[in-house]
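Here is a short briefing on a structure.

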Amino acid sequence: MGEVELSCLAYAKMYLHASQFPRSSVNGLLLSSSPAGAAVCITDCVPLLHSHLSLAPITQLALTQVDVWCSQTQQRIVGYYQANACVSDSSPTPCALKIAEKIFEQCNNAVLLMIDGEKMFPGCRVPPIVMYERKDARWALKDKHTIMLRQWEETCSIVNQLFSSGDQTLLVDFDSHLDDITKDWTNQKLNAKIMELISPANGNV
Amino acid sequence: MSSISELYDVSWEEMRDKLRKWREENFRNSEQIVDVGEELINEHASKLGDDIWIIYEQVMIAALDCSRDDLAWSCLQELKRQFPDSHRVKRLAGMRLEALERYEDANKLYDSILQDDPTNTAARKRKISILRAQGKSSEAIRELNEYLEQFVGDQEAWHELSELYINEHDYAKAAFCLEELMMTNPHNHLYCEQYAEVKYTQGGLENLELARKYFAQALKLNNRNMRALFGLYMSASHIAASPKVSAKVKKDNVKYAAWATSQISRAYQMAGRGKKENKCSVKAVEEMLESMQITMS
């Protein structure tokens, strides 16, 4: 199938989300601000939950709100990510498959991204990511060569900078927003900080 | 690198009191506990009196959480020296082995505690945690059920079991566990709200009505529980939109949903006041509520 490009912004926030809740499973949605085409360009992500991923009400609520926000900001939901609590198991859970199916109904080159906890350590050369795409009515592993992470080294260094400046605590997921609705799940502040770190390296990520 | 007391301008007494508060409320803010506790132990051990032992225990567990085996080891040594035959300290040694993923060794330790004292609940629960860590959910569930037959009042265990069932998508059994918890903790809004979420997930008209009732109950106990408020809104909306309900039921649920909508709008307006960065999330909620109103009528 088509190529998938994962932006630094999306990757950084996913990584931060998984790091913020090391003992729970976390999930979120992958967004694109590019027009629909053969290739999928994941330009941003929205971290959703860190508890009770398989319960319906909050998931439905979050999907609806993100949908609305996307139409307000010319973005589309193009995928779903999840990091399992059990580090040694990065296979998609039934709940992950269910949500990915729902996204696939609206976006025919949707991706399902599992974060591989075992590869999340400083100095790891390989992106801790396993991607799936819809093929022959099931979710199949995507060929690694069709997945692009531009400026991988810069991305890693940006993530490290976020940790050392303490900015990783700025990340708000939907769950945290419900605990305190003054917190912004669209993460405008954190996005701005990350974009600042990106721009000297390359204006087009 | 400056110390905690310098950074935050706190005295050692305040640090000690903070640790106690975190202990009593069972917070798992391990990085903070390590930062504060390590400094307290290194700089002020002599002033802590007998408190030091419980602080060693607290800091040790937090250190394991943060992969600080050096700190965990030194705390454990102090405790072993002071309480050489203690089962409580043995359990801590077992937890350290778990953190190092030496599960067989940990299990041997816990088994030896249980041989000495078959009623030691802490050791039994650690063995179940090991099953969970190894991803052996069905075995963990089975062991936890056996445990609860004997220790039927253990709240923590009931809650752990409900979480396991939720992960396994066994919502009926999860609901049963939450019912136990609600019975013994009738004022806890979180259990009501979780129960409602499970019922909503199970689906079907009867479950949706139950869900709505328990979301409402959670709100009665805590009117700032946003999950309960949204849950009430969503369950009432779904019931009102169902073709199977009577006109009266539909009317009632439209009313409940409308009430929830106004409460949600109010809460978001208050939250959005003056904070520029919230405008996006506030706008998303407003539009969502509007669009759902249209589909309902």
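Axes are lines fitted to C-alpha atoms, for helices over the stretch in contact, and angles run from 0 to 180 degrees between N-to-C directions. Helices are DSSP runs of H or I with at least four residues, strands are E runs of at least two, and both are numbered from the N terminus.

This is a predicted model; local features need pLDDT of at least 70, side-chain atom pairs count only at pLDDT 80 or more, and totals for chains, interfaces and linings use all residues. Residues are numbered from 1 along each chain as its sequence is written, chains are lettered from A in the order in which they are written, and side-chain values use heavy atoms, without hydrogens or water.

**Confidence**
- The complex gets an ipTM of 0.91 and a pTM of 0.90 from the predictor.

**Helix packing**
- In chain B, helix H7 (residues 103-116) packs on helix H8 (residues 121-133) at about 160 degrees, with axes 9 Å apart.
- H7(B) is therefore roughly antiparallel to H8(B) (angles over 145 degrees count as such).
- In chain A, helix H1 (residues 8-20) and helix H4 (residues 152-164) pack at about 45 degrees, with axes 10 Å apart.

**Second largest pocket**
- By class, its lining has 17 nonpolar, 9 polar and 5 charged residues (Ala, Val, Leu, Ile, Met, Phe, Trp, Tyr, Cys and Pro count as nonpolar, Asp, Glu, Lys and Arg as charged, the others, Gly among them, as polar).
- Helix H2 (56-72) of chain A and helix H12 (189-202) of chain B are among the elements that each supply at least two lining residues.

Terms used. Parallel < 35°, antiparallel > 145°, perpendicular 65-115°, else oblique.
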